Amino acid sequence: MVSEHYYSAAPTSERNPQTWTFTLRGHEFRFTTDSGVFSKRGVDFGTQLLIETFEEPEVAGDLLDVGCGYGPIGLALAKSFPNRLVQMIDVNERALELARENKQANGIDNAVIYKSDLFSEVGERRFAAVVTNPPIRAGKRVVHAIFEQSRDHLLDGGELWVVIQKKQGAPSALEKLKELFPFVEVASKKKGYYIIKAKKC
């Protein structure tokens, strides 16, 4: 039997929904989570650091949350930037169901949530910013594919924001991003987590 991960398309683990509140960027959110999704008991530190560090790009355009899970990143950004449309994608059907439920529960109307295996369903859309807490357990090939496809789907001047732990490959992620983008910086670093910002010229 293949073990199940939060990046499985159709989790089969027994349902165990939980609802709790969490404050992000000064807004209080009510989130429902479940088994079979990433960080189901609360917004993990890395995700929270990414959300709080993110800065609105100078370029006009939509934002994209890759691997949105139950929705904390995309919904927090949608609430913070009501004049932007936030697109949220994931391969995990249970996570998408929860993200839609959380979108409704928090009264957010500027987010679009849909299933996509990496960027397979994104089409030709281009974004002002791509934000991701990548699925490290899926392996370096998948993480690097997210970096590469993010670059291809950014507008000129658009930005990729990534959170990754040092012990889970932040140094090699930085090297890969420097191969792909002309401008790369560590925007924040706390408790072993790196928030990396890469800009497309």
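Select E159 to begin, which has its place in strand β7; strands here are DSSP runs of E with at least two residues, helices are runs of H or I with at least four, and both are numbered from the N terminus. The model is a predicted one, in which local features need pLDDT of at least 70 and side-chain atom pairs count only at pLDDT 80 or more, while totals for chains, interfaces and linings use all residues. Residues are numbered from 1 along each chain as its sequence is written, and side-chain values use heavy atoms, with hydrogens and water left out.

Is E159 buried or exposed? At 5% relative accessibility it counts as buried, a word that stands for under 20% relative accessible area, with exposed meaning over 50% and partly exposed in between (1.4 Å probe, protein chains only). Now show the surroundings of E159: leaving aside residues up to four places away in sequence, it touches, among others, E55, P57, A128 and K197, where contact means heavy atoms within 4.5 Å. The side chain of E159 also makes a polar contact with the side chain of W161, at 3.0 Å; such a contact is a pair of N or O atoms within 3.5 Å, of which, within protein, one must be able to donate a hydrogen and the other to accept it, and residues adjacent in sequence count only if both atoms are side-chain atoms.

Next, select strand β9, residues 193-199, where six of the seven residues are buried, so that the strand is largely enclosed by the rest of the structure. Strand β7 (residues 154-165) pairs with β9 in the antiparallel sense over seven bridges, pairing being counted if DSSP finds at least two bridges between two strands. Strand β8 (residues 183-190) is also antiparallel to β9, over seven bridges. Zoom in on Y194 of β9, which is the bridge partner of I164 and stands opposite K189. Between β8 and β9, which form a hairpin, there are two residues, and K191 in the turn has a positive phi of about 50 degrees.

Finally, turn to the aromatic rings, where a search of the whole structure finds eight pairs; rings of Phe, Tyr and Trp (its six-membered ring) pair if their centres lie within 6.5 Å, and planes under 30 degrees apart count as stacked, over 60 as edge-to-face and the rest as tilted. Select W20 and F22, whose ring centres are 6.2 Å apart and whose planes stand at 75 degrees, so this pair is edge-to-face. Ring pairs link W20, F22, F29, F31 and Y70 into a cluster.
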